[in-house]
Amino acid sequence: MTCDLVNGAVGGVLATAAMSVVMLAGDRMGLMPDQPPKRIARAVLPGHRHRPKSGEKMLGAVTHFGFGAACGALYALVRGRRRTPILLGAGYGLAIWLVSYQGWVPRLGILPPISGDRPGRPAVMAAGHVVYGTVLVLAVNRLGGAAEE
């Protein structure tokens with residue numbers, strides 16, 4: 001079980017790195033100028049929750065990778081030793097996006113729900129989460145030496 005958790009966390013970090021490339025590309029295309037992890041960090045740091053703060057970018061990156069590692073560990077724990085298809089990973093990534101950006105993120109007043117967000121950001125975030133889930137499955141299947149079914 002410990003090995004599964006470690007493999008999932010490592011897969012989650014790799015998947016978060018791949019997802020971050022999609023998010024940065026969306027930023028460069030002008031679709032997402034204010035990265036959600038930075039906005040989340042801004043909201044939890046002392047001071048006004050919507051004003052820029054020192055350290056928010058670094059804290060956002062660290063917590064983004066931490067959250068990605070935790071979600072990867074959870075995935076690996078639930079999946080066990082079974083090899084899982086890429087489509088399941090893409091669905092897992094989209095589920096994380098929906099629970100976060102249609103659920104707790106808007107409830108905390110950090111960003112609007114998906115349907116009320118600025119044009120472009122939902123598409124970039126959905127694509128990024130599909131990439132996250134896909135890379136996660138590929139990494140965990142490889143790291144875990146999952147048995148073929």
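Colleague: Which hand does the crossing of α2 and α3 have?

Modeller: The crossing of α2 and α3 is right-handed. Bear in mind that this is a predicted model.

Colleague: And why are α2 and α3 called roughly perpendicular to each other?

Modeller: Their axes make an angle of about 110° and lie 8 Å apart. Angles from 65 to 115 degrees count as roughly perpendicular, so α2 and α3 get that label.

Colleague: What makes the contact of α2 with α3, and how do its residues divide?

Modeller: From α2 you have P37, K38, A41, R42 and V44, and from α3 E56, K57, L59, G60 and H64. That contact splits into 4 nonpolar, 2 polar and 4 charged residues.

Colleague: Now α1 and α3. Why are α1 and α3 called oblique to each other?

Modeller: Helix α1, residues 2-28, and helix α3, residues 56-79, cross at roughly 135°. Roughly perpendicular stops at 115 and roughly antiparallel needs over 145, therefore α1 and α3 are oblique. Their axes come within 6 Å, and α1 passes α3 in a right-handed crossing.

Colleague: Which residues of α1 and α3 meet there?

Modeller: Among those from α1 are L5, G8, A9, G12, T16 and M23, and they meet a set in α3 that includes H64, F65, G68, G72 and A76. The residues of this contact divide into 11 nonpolar, 7 polar and 1 charged.

Colleague: What about Y132: what makes Y132 buried?

Modeller: Its relative accessible area is 4%, so by the under-20% cut-off Y132 is buried. Y132 lies in helix α5. Beyond four places in sequence, Y132 touches G12, A15, T16, M19, G68, C71, G72, Y92, G93 and I96.

Colleague: Then W97. Why does W97 count as buried?

Modeller: W97 comes in at 11% relative accessibility, and with the cut-off at under 20%, W97 therefore counts as buried. W97 is found in helix α4. Setting aside neighbours within four places in sequence, W97 is in contact with Q102, I114, P122, M125, A126 and H129. The C-alpha atoms of W97 and I114 are 9.4 Å apart, for a sequence separation of 17 residues.

Colleague: What makes you say helix α2 is mostly covered?

Modeller: Of the 9 residues in helix α2 (residues 36-44), 7 are buried. They are P36, P37, R39, I40, A41, R42 and A43. What covers them includes α1, α3, α4 and α5.

Colleague: One more, T134. What does the side chain of T134 reach?

Modeller: The backbone oxygen of V130, at 2.8 Å. The limit for a polar contact is 3.5 Å, and 2.8 Å falls within that. T134 has its place in helix α5. Apart from neighbours within four places in sequence, T134 is in contact with I86, G89 and A90.

Note on methods. Residues numbered from 1 in each chain as written. Predicted model: local features only at pLDDT ≥ 70, side-chain atom pairs only at ≥ 80, totals over all residues. Heavy atoms only, no water. Axes fitted to C-alpha atoms, helices over the stretch in contact; angles between N-to-C directions. Helix = DSSP H or I, 4+ residues; strand = E, 2+ residues; numbered from the N terminus. Parallel < 35°, antiparallel > 145°, perpendicular 65-115°, else oblique. Left-handed = near helix turned anticlockwise from the far one by under 90°. Contact = heavy atoms within 4.5 Å. Nonpolar A, V, L, I, M, F, W, Y, C, P; charged D, E, K, R; others polar. Polar contact = N/O pair within 3.5 Å; in protein donor to acceptor, adjacent residues only side chain to side chain. Buried < 20%, exposed > 50% of the residue type's maximum accessible area, 1.4 Å probe, protein only.
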